[in-house]
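Please walk through this structure from its overall make-up to its individual residues.

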Amino acid sequence: MDRWLPILALVVGFGVTALLGVWMVPFLHKLKFGQTILDIGPKWHKNKQGTPTMGGIMIAAGVLLSTGVAFAASAAASGALWGETADGYRMILLLAGLGLAFGTGFIGFIDDYIKVVKKRNLGLTARQKTMLQLLVAAAYLLTLRLGGMESTWIPFLGDVDVMSGWGLLFWPVALVFIYGFTNAVNLTDGIDGLAASVTLVVATFFILAA
């Protein structure tokens, strides 16, 4: 059953996001929750003025529901929900991961909300966004440590003790990596904040990695 869980999560996540899009995109159009396009880009970018933003809400819903369905399916296959929750460390990893995803997603929501209300592309300043993202990333890593994390598996290196020696570098490096991954799509896009095409490439990589 376990090998089918990622496929189940993928199907549910895609289905929820796609179906929400059918309703939500016209709704956002109606509310005039559209993106304001920067003047620094090519003139044809102005054609995308008013494209609905806050699409991350659809992705967040897909992630939450697909995780819940996969969790329930795994519990049903094992015969007891308790079997899924008995491993405290595993549950901490799951909840911390969701907390990281939704924490950074909420920052994006605030950024989009400012853009919509203020009618400007800038949203949160770079400093504000950086501080909030680093705070969420640090909270995630602290949760892992307090939850009992003492080692991690790194490709080509194997299990690494993160509580002594050079393994302590894991924590600051992980903080930088999380911050970098959080901003990879929007920095790659760089112009209008409508990064669906770049997100598709990154999401495909994460599907293969997972």
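This is a predicted model: local features need pLDDT of at least 70, side-chain atom pairs count only at pLDDT 80 or more; totals for chains, interfaces and linings use all residues.

Residues are numbered from 1 along each chain as its sequence is written, and side-chain values use heavy atoms, with hydrogens and water left out.

The protein has 7 helices and 2 strands; here helices (H or I, at least four residues) and strands (E, at least two) are DSSP runs numbered from the N terminus. Read from the N terminus, the order of elements is α-α-α-α-α-β-β-α-α. Of the 210 residues, 29% count as buried, where buried means under 20% relative accessible area, exposed over 50%, and partly exposed in between (1.4 Å probe, protein chains only). Contacts are defined by heavy atoms within 4.5 Å. Among those between residues at least 6 apart in sequence, 57% join residues at least 24 apart.

The largest nonpolar core has 15 residues, and the members that touch the most others are Leu-100, Tyr-140, Leu-141, Leu-144, Trp-171 and Ile-178. Helices α4 (88-118), α5 and α6 (170-189) each supply at least two residues of this core, and the largest share, 5 residues, comes from α5. Such a core is a set of buried Ala, Val, Leu, Ile, Met, Phe, Trp, Tyr and Cys residues joined through side-chain atoms within 4.5 Å. Leaving aside residues up to four places away in sequence, Leu-144 touches Tyr-89, Leu-93, Ala-96 and Met-149.

Helix α5 spans residues 126-146 and contains Gln-133. Is Gln-133 buried or exposed? Gln-133 counts as buried because its relative accessible area is 7%. Its contacts, not counting residues up to four places away in sequence, are Ile-107, Tyr-179, Thr-182 and Asn-183.

Strands β1 (residues 151-154) and β2 (residues 158-161) run antiparallel and are joined by 4 bridges; two strands pair if DSSP finds at least two bridges between them. Thr-152 is found in β1 and counts as buried, because its relative accessible area is 19%. With residues up to four places away in sequence set aside, Thr-152 touches Gly-158, Asp-159, Val-160, Val-162 and Phe-170.

Most residues other than glycine have a negative phi. Phi of Phe-156, however, is positive, near 75 degrees. At 88% relative accessibility, Phe-156 counts as exposed.

Phe-156 also belongs to a nonpolar surface patch of about 1200 Å², together with Leu-157, Trp-166, Leu-169, Val-173, Val-176, Phe-177, Phe-181, Phe-205 and Phe-206. Helices α6 and α7 (196-209) are the elements that give two or more residues to the patch, and the largest share, 4 residues, comes from α6. Patches are made of residues with over 30% relative accessible area and no salt bridge, with like charges joined within 9 Å and nonpolar side chains (Val, Leu, Ile, Met, Phe, Trp, Tyr) within 5 Å. A salt bridge is a side-chain nitrogen of Lys or Arg within 4 Å of a carboxyl oxygen of Asp or Glu. Phe-181 is found in α6 and counts as exposed because its relative accessible area is 53%.

Over its whole surface the protein exposes about 13500 Å², of which carbon and sulfur atoms supply 73%. Accessible areas come from the Shrake-Rupley method with a 1.4 Å probe, and for residues only the protein chains shown count as cover.
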